[in-house]
Amino acid sequence: MKFDFQVGTSVKAHKILGKFAGRIDDDAENKSKKENPKAPFEKMSDAYLFALMLGLSRGEKSEIKKHKNYANFSSIEGDIDIATLMRLLGEPEDMESKESARKAIEEYATWGLIYMDEHLTIGLDDYRLSSLFE
């Protein structure tokens with residue numbers, strides 16, 4: 001299955017996504033510029049994939065009530081075969097259709113972003129992602 005669709009997160013998780021990629025002002029004209037050098041990711045797409053893998057590996061999803069589109073998923077995944085990872089680690093219903101795959105990707109990524117913000121961040125710019133590997 002080729003993942004060629006728009007993905008997003010909840011409004012709350014989208015702000016967290018920007019924070020982990022060093023984007024301080026969500027309304028800034030140049031969203032590609034990293035404003036916080038302490039942020040752990042250079043690009044929002046890297047933070048999105050990391051959050052997706054965190055949620056998928058833990059089998060955790062967050063329901064999205066207020067949705068905000070982020071990007072076309074085919075431009076995010078690059079050479080990574082997310083479909084295979086979802087078949088191996090996800091729930092069977094995640095791969096029933098393109099729509100179910102899109103929804104699952106968004107929910108895994110949203111859970112990952114919220115988890116990272118609540119458990120792996122101290123203050124405004126102290127990130128503790130390494131604690132995931134302890």
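This is a predicted model: local features need pLDDT of at least 70, side-chain atom pairs count only at pLDDT 80 or more; totals for chains, interfaces and linings use all residues.
## Overall architecture

The chain contains five helices and four strands. Read from the N terminus, these elements follow the order β-α-α-β-α-α-α-β-β. Of its 134 residues, 46% count as buried.

The chain exposes about 7500 Å², and carbon and sulfur atoms contribute 49% of that area. When contacts in the chain between residues at least 6 apart in sequence are considered, 72% of them join residues at least 24 apart.

## Packing of helices H1 and H5

Helix H1 spans residues 11–20 and packs with H5 at an angle of about 60°, the two axes being 9 Å apart. The crossing of these helices, H1 and H5, is left-handed. Helix H5 itself covers residues 98–119.

On the H1 side, the residues that meet H5 are Lys12, Ala13, Ile16, Leu17, Lys19 and Phe20. Their counterparts in H5 are Thr110, Leu113, Ile114, Met116, Asp117 and Glu118.

Glu106 is located in helix H5. Its relative accessibility is 3%, and Glu106 therefore counts as buried, the cut-off being under 20%. A polar atom of the Glu106 side chain lies 2.8 Å from the backbone nitrogen of Gly8. Gly8 is also one of the residues that Glu106 touches beyond four places in sequence; the others are Gln6, Val7, Tyr48, Ile64 and His67.

Ser100 likewise belongs to helix H5, and at 18% relative accessibility Ser100 counts as buried. The side chain of Ser100 has two backbone partners to note. A polar atom of this side chain lies 3.3 Å from the backbone oxygen of Asp94, and the side chain reaches the backbone nitrogen of Ser97 at 2.8 Å. With neighbours within four places in sequence set aside, Ser100 is in contact with Glu93, Asp94 and Met95.

## Met86 in helix H4

Met86 lies in helix H4, which comprises residues 82–89. This residue has a relative accessible area of 0%, so Met86 is buried. Not counting residues up to four places away in sequence, Met86 touches Phe3, Leu56, Asp94, Met95, Ala101, Ala104, Ile105 and Tyr108. Two of these residues, Asp94 and Met95, are also in contact with Ser100.

The C-alpha atom of Met86 is separated by 9.3 Å from that of Ser57, although the two residues are 29 residues apart along the chain.

## Aromatic pairs

A search of the whole structure finds five aromatic pairs. One of them is formed by Phe3 and Phe5, with 5.4 Å centre to centre and 40° between the planes, a tilted arrangement. Phe3 is buried at a relative accessible area of 1%, and Phe5 also counts as buried, at 11% relative accessibility.

Phe41 and Phe50 form another tilted pair, at 5.3 Å centre to centre and 50° between the planes.

Key
Residues are numbered from 1 along each chain as its sequence is written. Side-chain values use heavy atoms; hydrogens and water are left out. Helices (H or I, at least four residues) and strands (E, at least two) are DSSP runs, numbered from the N terminus. Buried means under 20% relative accessible area, exposed over 50%, partly exposed in between (1.4 Å probe, protein chains only). Contact means heavy atoms within 4.5 Å. Accessible areas come from the Shrake-Rupley method with a 1.4 Å probe; for residues, only the protein chains shown count as cover. A polar contact is a pair of N or O atoms within 3.5 Å; within protein, one must be able to donate a hydrogen and the other to accept it, and residues adjacent in sequence count only if both atoms are side-chain atoms. Rings of Phe, Tyr and Trp (its six-membered ring) pair if their centres lie within 6.5 Å; planes under 30 degrees apart count as stacked, over 60 as edge-to-face and the rest as tilted. Axes are lines fitted to C-alpha atoms, for helices over the stretch in contact, and angles run from 0 to 180 degrees between N-to-C directions. A crossing is left-handed if the near helix is turned anticlockwise from the far one by less than a right angle, and right-handed if clockwise.
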